[in-house]
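Please look through the chain shown here before reading the numbered points that follow. They are meant for a colleague who is meeting this structure for the first time.

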Amino acid sequence: MTIYSAESTSTPHSTFSPSDKMAKYNDPGIVTESISLNSQDGISPVHREDNIILQKLGYKSQFKREFSLLETISFSMAIMAASCGVTTGYSYPLLSGGHFAMVWAWPIPCAFVLCVAASMAELASSMPTSAGLYYFSAKMASKERSALVSWITGWSNITGQVALICSIDFSCTELITTAIAMSTDGAVVLGSGATFGILMAIHLTQAIFCSAGTRILARTTVVTMVLILTTSIGATISLLVCSGDQRVSSVDAWTKFENNTGWSNNVWAFILAFTTPMWALTGYDSAAHIAEETAGAARAAPIAILVGVLATEILGWLYFIGASYATNSVSDILQSKLALPLGQVFLNVMGKKGALTLWCSIIVLQYLCGCSQAVDASRVIFAFSRDNALPGSRWWKRINHTTGSPVNAVWFAMVLSAICGTLVFSTAAFNSLASASVIGLYISYVTPIYCRVTWGKDKLQPGPFNLGWWSFPIGWIGISWVAFMVVMLLFPYTQTANVQTMNYSIVIVMAVFIFAGGSWIFSARHWFTGPVPNIDWQSDSSSYSEKHNTE
């Protein structure tokens, strides 16, 4: 791969130069290891090249590269899980425009999200490291702002990652309670205590499962992808075929608009339906965060990001089209007592047995989706801790010798999510948590993109996937879209908001930013310098040059 050759003595800003590394190693507080790039006998040429690229970025290889291209794509798709996003997010377009919002509120955001994904894929191809987004920000920003934007990106991403685990797992809990109500014809409706118990049980079992080795996690993602395809396609076909005479006309399915939000402006009401695709289309940065566990990461990561997003967008839109045709009466579905109103549509068109069969498959998928997100969050925590940016970093950056995975980081992520879980026992709280996860993640998505199109115009060393001149217009489109969506996601879903319906996402987001900002002002700005290399280039510089000159 010629883009990584070292024919010249200069080093692009997207990587650490040996002189920069040695300057950092003069700090006695940094513990380093000396690793020879030629001491990688017994590994495949692809893995060897991956490790060389990683060491050029400043890190030693600490994971087994068990994720293939297919498994990396599966992992990216697993967190987005189209059928889960539509099933649990159906209520937003149902309120915000009925049939029209179901069909059109999905593809419009998808086009802009694809711009964000393409820009992220370009960065991930150039810098395939688990440090991911905050590393990208540090390398693309100006020297004066590098540490600060890296700090902001890292904390934003961790906020979104943890909130997303909780919102996914709470959605899984709602799927389970809805299934119980469906199976008992509404006779059994679980209270908040039982619901909380289910949520904590989900967290506990996921923490145990996600502590497993990389090989097990990689193989599980393929099963998850199969479930995504079967449930998404199966739900779409079932809704269209089984609805029979209940199916609405094509005119109604595609154009009938019903505003039940309470907002008098229909355009704004429709825009609020963008919440569902924005929440569903999160987590594709996961392909970057497992780059150090992926074979051929510089190629696999960008492919996984783009394929995962495109596949989710297509499957999700088809599912929503099927749901629009099968929704015979928006007002009737809104009156359903089920926690998730799409369950009522399933019962209406498929009957109890068929509805529960498909519904339970989606429950299993949602659980696995939560597992994938927990793995993703743990890798972010591990990488940020590796650069000593989190309280207790020395614990969270440890790799378990038995599993070869950051077990401590896994449990830390799940404990934080469980704490968030104590706040989600109302519609307002859950909506606020979902909005906070999207806000945190998308701020972390576009911060490195902003750095790329401003300070980093000439700093990026292109990887196998490169947007070329299109990097700048595509990047600015993505940035502008996210800025608009962040504002939208802060609004309550109804115009007549009260304590029960208020959007508290601003409280969650600001609490984290106040903590992170205060930490920066009073402490971190004195010691946090951005990504910290953990290899000693004094002993490796010659072997690095030899390796590249022989290639």
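**Notes on the structure**

1. Asp185 sits in the loop between α9 (146-183) and α10 (192-210), where helices and strands are DSSP runs numbered from the N terminus, a helix (H or I) having at least four residues and a strand (E) at least two. The phi of Asp185 is near 55°, which is a positive value in a residue other than glycine. With a relative accessible area of 62%, Asp185 is exposed; here exposed stands for over 50% relative accessible area, buried for under 20%, and partly exposed for what lies in between, with a 1.4 Å probe and protein chains only.

2. A word on the basis of these notes: this is a predicted model, in which local features need pLDDT of at least 70 and side-chain atom pairs count only at pLDDT 80 or more, while totals for chains, interfaces and linings use all residues. Residues are numbered from 1 along each chain as its sequence is written, and side-chain values use heavy atoms, with hydrogens and water left out.

3. For the overall picture, the protein has 24 helices and one strand, and 59% of its 551 residues are buried. Of the contacts (heavy atoms within 4.5 Å) with a separation of 6 or more, 85% are between residues 24 or more positions apart. The protein exposes about 20600 Å², of which carbon and sulfur atoms supply 64%; accessible areas come from the Shrake-Rupley method with a 1.4 Å probe, and for residues only the protein chains shown count as cover.

4. Which residues touch the most other members of the largest nonpolar core? In this core of 151 residues, they are Tyr90, Leu239, Tyr284, Phe346, Trp359 and Tyr442. Helix α18 (residues 342-386) gives the most to this core, with 23 residues. A nonpolar core is a set of buried Ala, Val, Leu, Ile, Met, Phe, Trp, Tyr and Cys residues joined through side-chain atoms within 4.5 Å. If residues up to four places away in sequence are not counted, Phe346 touches Ala235, Leu239, Tyr319, Gly351, Ala355, Leu358, Trp359 and Ile362. There is also a second, separate core of five residues, which includes Val248, Ala253, Ile321 and Tyr325.

5. Helix α16 (residues 297-326) has 30 residues, which at 1.5 Å a residue should span 44 Å, and the 42 Å between its end C-alpha atoms agrees with this; the expected span is 1.5 Å times one less than the number of residues. Because 22 of its 30 residues are buried, α16 is largely enclosed by the rest of the structure.

6. Ser243 belongs to the loop between α11 (214-242) and α12 (250-255), and it counts as buried because its relative accessibility is 2%. Apart from neighbours within four places in sequence, Ser243 is in contact with Ser238, Ala326 and Val349. The C-alpha atoms of Ser243 and Val345 are separated by 9.2 Å, although the two residues are 102 residues apart along the chain.

7. How many salt bridges does a search of the whole structure find? It finds seven, each being a side-chain nitrogen of Lys or Arg within 4 Å of a carboxyl oxygen of Asp or Glu. One of them joins Arg215 to Glu66, with the closest N and O atoms 3.3 Å apart. Arg215 lies in helix α11 and Glu66 in the loop between α2 (45-56) and α3 (69-80), so the pair ties together parts that are 149 residues apart in sequence. Arg215 is partly exposed at 47% relative accessibility, whereas Glu66 is buried at 16%.

8. Another salt bridge is formed by Glu122 and Arg452, whose closest N and O atoms are 3.7 Å apart. Glu122 lies in helix α7 (residues 107-126) and Arg452 in helix α21 (residues 427-453), so parts that are 330 residues apart in sequence are tied together. Both Glu122 and Arg452 are buried.

9. Glu292 and Arg386 also form a salt bridge, with the closest N and O atoms 2.9 Å apart. This pair links distant parts of the chain, as Glu292 is in the loop between α15 (286-289) and α16 and Arg386 is in helix α18, 94 residues apart. Both Glu292 and Arg386 are buried.

10. Ala81, in the loop between α3 and α4 (82-89), has a positive phi of about 35° although it is not a glycine. At 0% relative accessibility, Ala81 counts as buried.
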